[in-house]
Amino acid sequence: MAYETEEQQVEAIKQFWKENGTAIILGAVIGFGVLFGWNYYQEHQARQGELASLAYSEILTLSEQGSSDNSELVSKVETIRAEHAASSYASLAAMKLAETFANDNKFEEAAEQLQWVVDQSNDTFESIAQLRLARVQLQLEKFNDAIATADSIDEPAFKANALLVKAEALIAQGKNDEAKSVLIAARDAGNGAVSPLLQMRISEFGIDN
C-alpha cells in the first residue's frame with residue numbers, strides 16, 4: 001500500500017505494531033530463550049565432561065596403589081558412577097575398580113562393578129564388561145550365570161573368547177561333549193586367531209585346528 005503522507009505511514013506502523021507487537025515480542029523472547037538454553041546445555045555438558053575426566057584421572061592415580069582396601073578409591077568410583085553414570089569415564093572407572101577387586105580375589109565385588117557397566121548399555125564397553133563378568137562368574141563357580149553372560153555377548157570381536165568362557169563353564173559342570181562343540185564354535189569364531197588357552201583346550205579335546 002502506498003502512503004500519501006508521512007503521517008499515514010506512521011499511523012500504519014502504529015497499527016501494525018498494535019496488532020502484531022505482542023506476537024513479535026513473544027517470538028523474540030522464545031527465540032532468545034531457546035538459544036540461551038542450548039548454549040547453557042552445551043556449556044553444562046562440557047563442564048560435566050571435564051569434571052568426569054578429572055575424577056577418572058584421580059581414580060587412576062589411586063588405583064596405581066593397587067589395593068581395593070583403599071576406601072578413597074572405592075568412594076570416588078561410587079561418586080563418578082552416581083554423578084556421571086552416562087559418561088564413558090564412569091564405565092572405565094568401574095572396570096578399573098573391578099580389576100582391582102579381582103586382583104585381590106574379591107570376585108563378588110568385582111562382579112558388582114562389571115554388572116553395573118553392563119547395565120548402562122554403553123555400546124563401547126558393554127561387550128568387554130560382559131566378557132569380564134563371565135570370567136568372574138567362573139571364578140565364583142556360578143557356571144550357569146557365566147554361560148548366560150557369555151551367550152549374551154553379540155559383538156563378533158568378543159565371540160571367540162565368550163565361547164571359550166562358556167566351554168570352561170561346561171567343562172566345570174562335566175558336560176564335555178557339549179563343551180567340545182562350543183570349543184569348535186570358538187575356534188571358528190576366531191577366524192584363524194586362536195588364543196593360547198583356546199589352543200590348549202582344542203588340543204586336549206583332540207579338535208583339529
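A93 lies in helix α3, residues 88–103. Helices here are DSSP runs of H or I of at least four residues, numbered from the N terminus. The model is predicted: local features need pLDDT of at least 70, side-chain atom pairs count only at pLDDT 80 or more, and totals for chains, interfaces and linings use all residues. Residues are numbered from 1 along each chain as its sequence is written, and side-chain values use heavy atoms, with hydrogens and water left out.

At 0% relative accessibility, A93 is buried. Buried means under 20% relative accessible area, exposed means over 50%, and partly exposed covers the range in between (1.4 Å probe, protein chains only). A93 touches Y56, I59, V77 and I80, leaving out residues up to four places away in sequence. Contact means heavy atoms within 4.5 Å. N161 is 68 residues from A93 along the chain, and 23 Å separate the C-alpha atoms of the two.

The domain assignment divides the chain into domain 1 (10–89) and domain 2 (123–208). Such bounds come from an automatic or database assignment. The centres of domain 1 and domain 2, taken over C-alpha atoms, are 42 Å apart.

Two loop residues have positive phi values. S121 is in the loop between α4 (107–119) and α5 (126–139). Its phi is about 55°, although S121 is not a glycine. S121 is partly exposed, at 46% relative accessibility. E141 is in the loop between α5 and α6 (143–151). Phi of E141 is near 60°, again positive in a residue other than glycine. E141 is exposed, with 60% relative accessibility.

Helix packing was examined next. Two packed helices are described by the angle between their axes and the distance between the axes. Axes are lines fitted to C-alpha atoms, for helices over the stretch in contact, and angles run from 0 to 180 degrees between N-to-C directions. Angles under 35 degrees count as roughly parallel, over 145 as roughly antiparallel, 65 to 115 as roughly perpendicular, and the rest as oblique.

The axes of α7 and α8 come within 8 Å and cross at roughly 170°. The pair is therefore roughly antiparallel. On the α7 side, the contact is made by K159, A160, L163, L164, K166, A167, L170 and I171. On the α8 side, it is made by N176, E178, A179, V182, L183, A185, A186 and A189. By class, this contact has 12 nonpolar, 1 polar and 3 charged residues. Ala, Val, Leu, Ile, Met, Phe, Trp, Tyr, Cys and Pro count as nonpolar, Asp, Glu, Lys and Arg as charged, and the others, Gly among them, as polar.

Helix α8 (residues 176–189) also packs against α9 (residues 196–204), with axes that come within 10 Å and cross at roughly 135°. The two helices are therefore oblique to each other. The crossing of α8 past α9 is left-handed, a term for a near helix turned anticlockwise from the far one by less than a right angle, with clockwise giving right-handed. L183, A186 and R187 of α8 meet L198, R201 and I202 of α9. This contact has 4 nonpolar, no polar and 2 charged residues.

E168 lies in α7, residues 156–172. E168 is buried, with a relative accessible area of 15%. Apart from neighbours within four places in sequence, E168 is in contact with L138, L197 and R201. R201 is also one of the α9 residues in the contact with α8.
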